[in-house]
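Please look over the following structure, first within one chain and then between chains.

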2 protein chains.
Amino acid sequence: MQLPPLKSLLYFKHAAELGSFKLAAEQLYVTQAAISQQIRSLETHLGCVLFERHTRKICLTAKGKLLLPHIRKAFEYLHHGVQVIEEDPQPAGLNLSVLPSFATCWLLPRISSFQRQHPNIRVRIDPSDSLVDFDAGEADLGIRFGKGHYPGLHSELLASDDMLLAYKPGLIDPSKPLKEQIKSNHLIMDICPDAERAWGILFDKLALTGVHEPHFLEIDNAALVMQATLAGQGVGMLRRQLIQPQLALGQLEIHPEFEIACDYQYYLAGPVGHFNWHKVKLFRTWLLGQFNSL
Amino acid sequence: MQLPPLKSLLYFKHAAELGSFKLAAEQLYVTQAAISQQIRSLETHLGCVLFERHTRKICLTAKGKLLLPHIRKAFEYLHHGVQVIEEDPQPAGLNLSVLPSFATCWLLPRISSFQRQHPNIRVRIDPSDSLVDFDAGEADLGIRFGKGHYPGLHSELLASDDMLLAYKPGLIDPSKPLKEQIKSNHLIMDICPDAERAWGILFDKLALTGVHEPHFLEIDNAALVMQATLAGQGVGMLRRQLIQPQLALGQLEIHPEFEIACDYQYYLAGPVGHFNWHKVKLFRTWLLGQFNSL
DNA sequence: TCTATGCTTAAGTTTTTCTAATGTGAAATC
DNA sequence: GATTTCACATTAGAAAAACTTAAGCATAGA
């Protein structure tokens, strides 16, 4: 025996319970046309009309009334089943999967504030380059620098960022032409698309060509690029979010005329169900607060 | 609260019950890769592993075992609900929606055989040019001439057909060149893509050009084309299935060297659930028998 | 060690589903 | 009784989901 498209049954349930395609559409975050089409498709499959369409409201037909309680019950079971699975197995420990550079430069310096607010939650930070397998339960949540496309996961935009030209105070004099100063310093770069792109844009802007290998100091980790820059070894191309504290303390300076928006952005990502966990809600709130207080 | 993709839950149920992705794939008429992907997607959504993968078999994990009974129950409700709706409201009456020409030339001459076999089923034939709305319950089943694409409906190929050059015996002499004989007769055609195409192909074959309007007798119904041809008013382009009885009786002849397969085919179509109805099963069997006995 | 089996992965295609824009008709308002 | 408004229907085109094919991989069993 063949079931109709399952999605159409879900839409039917919502439409029937609300007595309106429009409200169902709002509840399900789709357009009203989507509901209309799914209901029609369901009716075609079943070979009968489920709703009487009146101008201001819709009513279930006899068949519709017959169908609804079964469908409702079915979805209750689905919900309950999923809920059981999605319960937090370890409410007192929060495991975060974070990019190493972000962990070092951003999260670690601030995390004590979260710990102070919620001393009963033990935070563990797992620095890893790629999004960890949530399946295995190794992480509860991930903070990623990307485009927000994490198939199967829920994700939420945290903040954007810019690439800045940073250096130890005095190394560059912004009042003098930048071109010559760039040529006479080491250029410290992270091996990442945004940094490479930013250097390219800067070179174009300055009409700089033929910058040779020795000029560049390539480092595989933004945290180390910052360290090298802090130590005055050259000019670094760094993300604003990561050097915020150093700028505030005057340990680094940035060139006022250079700033390139990153292609990527910071996202909070994880399985949908995790976002209902108490510890995750607390962390999310704290995190958004940290970003907004900058 | 957000449910995972519903399809993945269905696949999970089958895979869990069968203990094998491969068997689930067979049962669901998809490839095993599809199952694998859906299960992975479900696991990603839930953020936990549901199956332990061993080489020859898979086992549910603790979480998987927790989930299965809920999902199973949910689908039982869905099935039951749909089953209730899909019950035959009128088991003693069979309403067929059929193209007018097919009804006249094919179905009506044969339907008495079905009536004799099943005298307790009252057949009603509704000739209509387009596929009727099954939603309103006006028809139980449709016989269509098309490509088998009836979205939302189940459809089943019944037979193919060919376009033939038919005429009253004696009107055309197959032993003489066809070209001149075509030129000197009226050409009777149905206004339908297959007939128009077939005439085009014939003209190309005979290198016939400049056949003028008066040559053609255009009639909007294949049954009437046959009548005109039977009356000796000209040469008709007709489908084999529709003129079978006339050929057998010698009332019509066909040119032995011309035969063009139709683009379209005959399909039996209707809502999936209707195919479980007793009266529909009987009719389907009879219909297939009729086509195969030709 | 070799082979067969069943799951995984990747790439490309097809199908489904969605949105945006527009149409329609009956109630509500003026 | 004209006009507006509101909710649903329809369409075409875009986006996303799901499927298939064709590989790859690991292991049990010969």
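Buried area is the accessible area (1.4 Å probe) that two parts lose on being put together, summed over both. This is a predicted model, in which local features need pLDDT of at least 70 and side-chain atom pairs count only at pLDDT 80 or more, while totals for chains, interfaces and linings use all residues. Residues are numbered from 1 along each chain as its sequence is written, and chains are lettered from A in the order in which they are written.

Chain A is assigned domain 1 (6-86), domain 2 (93-159 + 265-292) and domain 3 (162-261), with bounds that come from an automatic or database domain assignment. Between domain 2 of chain A and domain 3 of chain A about 850 Å² is buried, and carbon and sulfur atoms give 62% of that area. Helix α5 (residues 100-117) of chain A, with seven residues, makes up the largest share of the side of domain 2 that touches domain 3; helices here are DSSP runs (H or I, at least four residues), numbered from the N terminus.

Turning to the two chains, chain A and chain B bury about 4200 Å² between them, with 72% of it on carbon and sulfur atoms. Of the area that chain A buries against chain B, M1(A), I85(A) and D135(A) supply 18%, more than any other three residues. The contact (heavy atoms within 4.5 Å) takes 45 residues from chain A and 45 residues from chain B. No salt bridges are counted between chain A and chain B, a salt bridge being a side-chain nitrogen of Lys or Arg within 4 Å of a carboxyl oxygen of Asp or Glu. On the side of chain A that touches chain B, α4(A) gives the most, with 18 residues.

Note on methods: Side-chain values use heavy atoms; hydrogens and water are left out. Helices (H or I, at least four residues) and strands (E, at least two) are DSSP runs, numbered from the N terminus.
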